[in-house]
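The exercises below are meant to be worked through with the sequence and the coordinates at hand. Each one sets a task and is followed by a solution in steps.

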Amino acid sequence: MVFLPGLLAPPAGFRSLRENLEGLRCIELAPHATPAEGLEAWRGEVPPGAHLVAFAEAAWAGAQLAAQSQAKSLTLLSPVLRVDAALRARLRALEQALGLGPEAFVTAAKPWLFGPVLLEHGHAAMAAWAAGLREGELGRWLAALSELPDGRRALRGLRCPALVVIGAEDVFTPSRYAQEAVEWVPEQRAMRVSLEATGHLAPWENPGEALAVLAAFLRDAEGFLQGPPSWHDGLDELPVL
C-alpha cells in the first residue's frame with residue numbers, strides 16, 4: 001500500500017493507518033508543495049498493482065497514478081481534484097492571511113480545516129499540526145491549487161474500486177467534492193463514506209473510524225469488481241471510535 005500525503009497532512013503522516021493495517025507492506029511517500037511536483041516525483045515510486053491512498057490535493061496525482069499503474073484500489077481522503085469559485089475564494093483568503101505571517105495563516109485555516117471536536121478539545125493536536133507546516137512551501141501550495149487543472153477525468157481510466165472518505169463537517173472541501181469523485185469513477189466502482197464530527201483532516205480527527213472503513217474496503221477490494229461489496233451494507237453500522 002502506498003500513501004500519498006497532501007502538504008497540510010500532520011507531521012505524523014499516515015502512521016496510525018500504516019501501523020494498524022495488517023497483512024500489507026505500507027510505504028508513505030514524501031509530500032510536495034504542488035500537485036504537479038508530486039505527480040512527477042511519485043510516478044517512479046508507485047509500483048504497479050499497489051493499493052493507493054491519497055489525501056487532499058494528492059488525490060489529483062493519485063487518480064492519474066492509479067489509472068496508469070493499474071492499482072488494486074484507490075482511496076481518496078478529502079479529495080481535491082478541481083478548484084471551483086468557492087474553493088478559490090478560500091485559497092485567496094488563506095493567501096492574504098499568509099501575507100501577514102504563519103500565525104495568521106494558522107488562525108485563518110483552523111476553522112476551515114478542523115471539525116468541531118478538535119476545535120473544542122484538540123488544542124495540543126492542532127498546535128502539533130501547525131508546528132509541522134512547511135512555511136516556505138505554503139505560498140507555492142496556495143498558488144498551485146488556485147490554478148489546479150480539473151483532474152476528475154483521470155478517474156474515468158480507473159479499473160479498480162475506489163473509496164472516497166470525507167469529513168461530515170469539512171468546510172474547506174465540502175461533500176460535493178467527494179460525490180463528484182464517486183460519480184466520475186466508471187461502472188459504480190466507487191463508494192463515499194462520511195466520518196462524523198470531522199473536518200478536512202478527517203482521518204486524523206477520527207483515526208479509529210478511518211482505519212475501520214479503510215480496512216473493510218481493502219478486504220473486499222478485489223471482490224468489488226465482481227459485484228456489490230459485502231462491506232457496503234455494514235458501513236452505516238461501523239462504530240465511531
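A nonpolar core is a set of buried Ala, Val, Leu, Ile, Met, Phe, Trp, Tyr and Cys residues joined through side-chain atoms within 4.5 Å. The model to which this is applied here is a predicted one.

**Exercise 1. Determine how many residues the largest nonpolar core has, which residues have the most contacts inside it, and what surrounds L155.**

Solution. Step one is the count: the largest nonpolar core comprises 79 residues. Step two is to pick out the residues with the most contacts inside this core, which are L52, L74, W129, L155 and L158. Step three asks which helix gives the most to the core, and this is helix 3, residues 58–68, with eight residues. Step four turns to L155, which, once neighbours within four places in sequence are left aside, is in contact with A63, L74, L76, L81, A181, W184, V185 and P186.

**Exercise 2. Describe the packing of helix 2 and helix 3 by distance, angle, handedness and contact residues.**

Solution. Two packed helices are described by the angle between their axes and the distance between those axes. For this pair, the axes of helix 2 and helix 3 come within 8 Å and cross at roughly 35°, and the crossing is right-handed. The residues that make the contact are P35, A36, L39 and W42 on the side of helix 2, and A58, W60, A61, Q64 and L65 on the side of helix 3. Sorted by class, the contact has eight nonpolar residues, one polar residue and no charged residues.

**Exercise 3. Compare the end-to-end reach of helix 8 and of helix 11 with the expected value for each, and list their buried residues.**

Solution. Helix 8, residues 135–146, has 12 residues and reaches 18 Å from its first C-alpha to its last, close to the 16 Å expected at 1.5 Å a residue. The buried residues of helix 8 are L138, W141, L142, A144, L145 and S146, and what covers them includes helix 2 (35–42), helix 4 (85–98) and helix 5 (102–113). Helix 11, residues 207–219, has 13 residues and likewise reaches 18 Å between its first and last C-alpha, close to the 18 Å expected for it. In helix 11, the buried residues are E209, A210, L211, V213, L214, A216, F217 and L218.

**Exercise 4. Relate separation in sequence to separation in space for N20 with L142 and for Q179 with A221.**

Solution. N20 is in the loop between helix 1 (15–18) and strand 2 (27–28) and is partly exposed, with a relative accessible area of 43%. Q179 lies in helix 9 and is partly exposed, with a relative accessible area of 27%. Q179 and A221 are 42 residues apart in sequence and 19 Å apart in space, C-alpha to C-alpha.

Technical notes. Residues are numbered from 1 along each chain as its sequence is written. This is a predicted model: local features need pLDDT of at least 70, side-chain atom pairs count only at pLDDT 80 or more; totals for chains, interfaces and linings use all residues. Side-chain values use heavy atoms; hydrogens and water are left out. Buried means under 20% relative accessible area, exposed over 50%, partly exposed in between (1.4 Å probe, protein chains only). Helices (H or I, at least four residues) and strands (E, at least two) are DSSP runs, numbered from the N terminus. Contact means heavy atoms within 4.5 Å. The expected span of a helix is 1.5 Å times one less than its number of residues. Axes are lines fitted to C-alpha atoms, for helices over the stretch in contact, and angles run from 0 to 180 degrees between N-to-C directions. A crossing is left-handed if the near helix is turned anticlockwise from the far one by less than a right angle, and right-handed if clockwise. Ala, Val, Leu, Ile, Met, Phe, Trp, Tyr, Cys and Pro count as nonpolar, Asp, Glu, Lys and Arg as charged, and the others, Gly among them, as polar.
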